[in-house]
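Let's take a walk through this structure together. Have the sequence and the 3D view open, and we'll go step by step.

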Amino acid sequence: MAKDLRRWLTDLGKRFPGEPIRVNRLVHPESFEVSSLLYQLEKRGNHAAVLFEKVTNLKGESSEFSILAHTFINRDKIALSLDSEDSSRATLFEKYLIKSREKKKIKVVDPEDAPVKEFIHREEALDLADLPIMRHNFMDGGPYLTPVVIARSPEGDRYNTSWNRMMYIDSHHLAIYMSPRHLWAYFQDLEAKGEPMPIGIVLGHHMAFMLSASSLTSLDEDEYEAAGGLLGESLRVVPSETYGDRLLIPADAEIVLEGEIVPKKRTIEGPFGEFTFYLGAQRVSWLVRVRAITHRSQPILHFVYGAHLDHLRAHFPIEASIYQRVKQAVPGVKDVSWLESGGSFHLAISLKKRTEGEPMRAAMAALSASNFIKHVFVIDDDLDPGNPGDVMWAVATCVQSDTSITLLKNIQGQLLDPSIRQETKGAGMIIDATRPLDRPFPPRADVPPEALKLRLEDYINIK
Amino acid sequence: MDVYFLNCPQCKKNFHCDANLRGFAIPRHCPHCDHYFYAEEDKAKGMPRGTAFRSLTRIDAETFYLPEKAEKKHG
């Protein structure tokens, strides 16, 4: 049986009994009810995946769809998605990188063998208001989908997958925000010729597929094949209803909206709560016209819960890519932490320093890997970069601001950074918080290792 | 990016927009009451900065899609 979301849920229940939490009381996603419940769970430290089995659509009617969220909220879930028993950060990085290198060619199947084709709603009969689209945060511009968007390069030689937030506008239209990366570049080429860009909007699949869409891949890599690597099997695809072979869509997805990004048309979109935990401003975005909806029976609509931990930690593949780049530049690098570094644009690197200069080189590799990074902290390998306390202790005790900090100007920024003034140009900083090798430095205070052989339980009645 | 706040003429609540849009005849959408409107100072010429405008040569009613419900309300 091909890997799909239902298989992921079965595996989830086996590894974490009691998950997903099933909410069988009717909820209204467009009235922040799903958001409220997810928020309260997160605040209590409960990181279980949640399946809302009874939801209303945007018309207020009971829906045949259910909603799933909190699938990326912690590394345990990422580990499950990657078939890893070990959820420690560095181990997961290595697992992710190995699997993503084992690319697999797609397998094209017939529509009869594609569960996503079980129900088909064509353009004249569809209404996006039939979907239970949630509102995530106050002042969000409207109900928002958080899908994986599929597009084929204009040359037809490569499939691109990406996460793009989409705001509901009306029965057939969505607003799509595109960062100036691959999808945006493809659309630029087509728009210059006055042509629309066909896309598939995937609203649920095995989490390995969904994760693959946030990977940093180069333009010569096919992202369907990369997804196959993460799944551990060829991605099964089927010709779309609207575009046929011109756009192949995942055969085992829960729901796919088929549509196109409209050339020379824009719309107003936002605000939207982003992974920075701030509301990104209302802005002009691009317009999608939906031409078909296909789905399974009892379809499960997957959401990334915007502007909360689920959203931040869904960026794990980017963190893994940064780890790879930094380790290639400086082999003594032990670990990196982006998502647990205390901020959306901070990266902490731990390394076994062999020579002065290595911290800077490692930091520069990280900054060149992703424009999500603007501040890099480099610490010694006896500290945990995922522990902000360790990082701040290193900064407090090893940094002199006139010699340990390098300020950077005019680096490519990240549009979602609320502190940025221009759309893509920002500033950065490298803080070398490692102990110096070129002069004497005090050792850490600690109990002698021999003395630690004493067992506490031999002296104190303690559990 | 720089942002600025404006008030919805219908519900009076405020929300924030990309400051690059300020002064241009671009519709705004109130996230609180779903009202589409044009801000008062739509007199700027040329094109706003931003990647969404890269391929556009003009800004007018043709450029921006507004849902049917908005057509009756805006202006």
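Predicted model: local features only at pLDDT ≥ 70, side-chain atom pairs only at ≥ 80, totals over all residues.

Residues are numbered from 1 along each chain as its sequence is written, chains are lettered from A and ligands numbered from 1 in the order in which they are written, and side-chain values use heavy atoms, with hydrogens and water left out.

Let's begin where chain A meets chain B. Here 33 residues of chain A are in contact with 31 residues of chain B (contact means heavy atoms within 4.5 Å). Together the two chains bury about 2700 Å², and 54% of that is on carbon and sulfur atoms; buried area is the accessible area, taken with a 1.4 Å probe, that two parts lose on being put together, summed over both.

How many salt bridges are there between chain A and chain B? The count is one, where a salt bridge is a side-chain nitrogen of Lys or Arg within 4 Å of a carboxyl oxygen of Asp or Glu. Look for the side chains of B:Asp2 and A:Arg421, which meet at 2.3 Å, N to O.

On the chain A side, β9 (166–170), α5 (182–192), β14 (255–269), β16 (279–280) and β17 (283–295) each supply at least two of the residues that touch chain B. Helices (H or I, at least four residues) and strands (E, at least two) are DSSP runs, numbered from the N terminus. The most comes from β14(A), with five residues. By class, that side of chain A has 15 nonpolar, seven polar and eleven charged residues. Ala, Val, Leu, Ile, Met, Phe, Trp, Tyr, Cys and Pro count as nonpolar, Asp, Glu, Lys and Arg as charged, and the others, Gly among them, as polar.

Over all chains, the whole structure has 35 salt bridges. One of them joins the side chains of A:Glu85 and A:Arg15 at 3.6 Å, N to O. A:Glu85 sits in the loop between α3 (75–81) and α4 (89–101) of chain A, while A:Arg15 is in helix α1 (residues 5–15), so this pair ties together parts that are 70 residues apart in sequence.

On a 1 Å grid over the protein atoms alone, a cavity is a set of points where a 1.4 Å probe fits but cannot get out, and a pocket is an open set with protein on both sides within 12 Å along at least five of seven lines; lining residues have an atom within 4 Å of a point. Grid points are joined across faces, edges and corners, and a volume is the space filled by probe spheres set on the points.

There are three cavities of 30 Å³ or more. The largest holds about 90 Å³, and of its 13 lining residues, A:Arg283, A:Val284, A:Glu423, B:Asp18 and B:Ala52 are the closest to its centre. Finally, the second largest pocket has a volume of about 300 Å³ and a lining of six nonpolar, six polar and six charged residues.
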